[in-house]
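Please look over the sequence and the model before reading on.

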Amino acid sequence: MATSKGLPRDTFAKLSPHPFLLANLQPPAPANAARSNGRAPNEARIPNVNASSLTHANGSAVVRTGDTTVICGVRAETLLASDIPNFRTAANLDDENGKPSSELKDYDLLVPNIELATGCAPQFLPGVPPTTLAQTLSTRVYSLLHSSNLVDPDDLRIWYTRPAEKAEVEGDDGDNKMDEDEVEEKSEGERVVMAYWVLYIDIFFISFDGNPFDIAWAAILAALRDTTIPIARWDADREMVVCSRESPKPLTLYGFPIACTAGVFTGKETTDRPAAGKFWTLVDPDRLEESLCDEEVTAVVDRSEGETKVLAISKHGGTVLQPQLIREFVGVAERRWEQFYKAMA
């Protein structure tokens, strides 16, 4: 019986990762091109979402795609308006043109934090300082949280209506007397914001196998959809916020934005790769593919209202993807949106 003298797949992948992936994408006829993980170039990993995973959090979710698993927890804490150095009363309400208030960003009411040092991968050992990747991911999700206008600022406001002030009317005898029929109301009770809810969004990677931004954002979205906030009011006598655990209210979220990332793999294993050379766009790349791709594109789309809204497109490195190819990639992002929408339904 003849035995194969070739290297095992795992050994081949470790010794020569680029030729290994290229051999899978350019198989001999009549086999179809497939990545080393068995997926087609435009095929993403199926997401699995489990909400309400943490009992001690206001909202939580576990999201898994392939061998990448993330858990996200949302904690709500109160912040007094008097403790905000740059607090502006005029910023409490949306402007007359319907433009959302800038409170969420100005007062840092949404605080995401991504933790990779959990032993989720060999390069992310527990106890080490935050890596550059973790800080970059935190910045990207922070930016998307605000640019997408996902959270309604009014959900985080804690209101208080001040008592109406009344003016005394001067009587005929010159004394100040209160005549109920002639009392003038100076105001009808001003409604002001006395405090805010601050949402601390913690994302922990349990296992890591590439494409961290897409799954981190999906975990944030799933956790926010699961988040409920206690009913809160301002107690003027005690000058403090009083909360009730009965009938907590869910957050009002606008839209259903989903991120889709792809890496560009070129056929030549050189630093100077011509744009005219052959390349493959690998949707939802794993850790091996990310290390071999010099170019990356991410599209954030929302189809919750029927039509596709492109909220953001970002591209890093390389010159292969031209505007036309990026526009075609939006169609791939639409299919990715459908997958996550079904997983969170």
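## Basis of the model

This is a predicted model: local features need pLDDT of at least 70, side-chain atom pairs count only at pLDDT 80 or more, and totals for chains, interfaces and linings use all residues. Residues are numbered from 1 along each chain as its sequence is written, and side-chain values use heavy atoms, with hydrogens and water left out.

## The chain as a whole

The protein chain has seven helices and 16 strands. Helices (H or I, at least four residues) and strands (E, at least two) are DSSP runs, numbered from the N terminus. Of the 345 residues of the chain, 40% count as buried. Buried means under 20% relative accessible area, exposed means over 50%, and partly exposed lies in between (1.4 Å probe, protein chains only).

Contact means heavy atoms within 4.5 Å. Among contacts between residues at least 6 apart in sequence, 66% join residues at least 24 apart.

An open sheet of four strands has the order 14-13-15-16, with antiparallel pairing. Strand 14 and strand 16 (309-316) stand at the edges with a single partner strand each, so one side of each has no neighbour in the sheet. Neighbouring strands here are turned by 20° against each other on average, direction ignored. Two strands pair if DSSP finds at least two bridges between them. Strands of a sheet pair through backbone hydrogen bonds, either parallel or antiparallel.

Strand 13 (residues 258-266) joins strand 15 (residues 295-302) through seven bridges, and the two run antiparallel. Val264 stands opposite Glu295 in strand 15. Ala262 has Val297 of strand 15 as its bridge partner. Helix 7 (residues 323-344) packs on the sheet and touches strand 13, strand 14, strand 15 and strand 16. The direction of helix 7 makes about 130° with that of strand 13. Axes are lines fitted to C-alpha atoms, for helices over the stretch in contact, and angles run from 0 to 180 degrees between N-to-C directions.

## Strand 13 in detail

How many bridges join strand 13 to strand 14 (residues 279-283)? There are five, and these strands run antiparallel. Thr266 has Phe279 of strand 14 as its bridge partner.

Strand 13 is mostly covered: nine of its nine residues are buried. Ile258, Cys260, Ala262, Val264 and Thr266 point one way. Ala259, Thr261, Gly263 and Phe265 point the other way. Residues of both sets are buried.

## Helix 4 against helix 5

Two packed helices are described by the angle between their axes and the distance between the axes. Helix 4 (residues 132-147) and helix 5 (residues 212-226) pack at about 50°, with axes 10 Å apart. That makes helix 4 oblique to helix 5. Angles under 35 degrees count as roughly parallel, over 145 as roughly antiparallel, 65 to 115 as roughly perpendicular, and the rest as oblique. The crossing is right-handed. A crossing is right-handed if the near helix is turned clockwise from the far one by less than a right angle, and left-handed if anticlockwise.

From helix 4, Leu133, Leu137, Arg140, Val141, Leu144 and Leu145 meet Pro212, Phe213, Trp217, Ile220 and Leu224 of helix 5. By class, this contact has 10 nonpolar, no polar and one charged residues. Ala, Val, Leu, Ile, Met, Phe, Trp, Tyr, Cys and Pro count as nonpolar, Asp, Glu, Lys and Arg as charged, and the others, Gly among them, as polar. Thr136 also lies in helix 4. Thr136 is partly exposed, at a relative accessible area of 37%. The C-alpha atoms of Thr136 and Phe213 are 9.5 Å apart, across 77 residues of chain.

## Positive phi values

Most residues other than glycine have a negative phi, and most peptide bonds are trans. Glu239 has a positive phi of about 50° although it is not a glycine. Glu239 is in the loop between strand 11 (228-235) and strand 12 (240-250). Glu239 counts as exposed, at 58% relative accessibility.

Asp284 also has a positive phi, near 55°. Asp284 sits in the loop between strand 14 and helix 6 (287-292). Is Asp284 buried or exposed? Asp284 counts as buried, at 1% relative accessibility.
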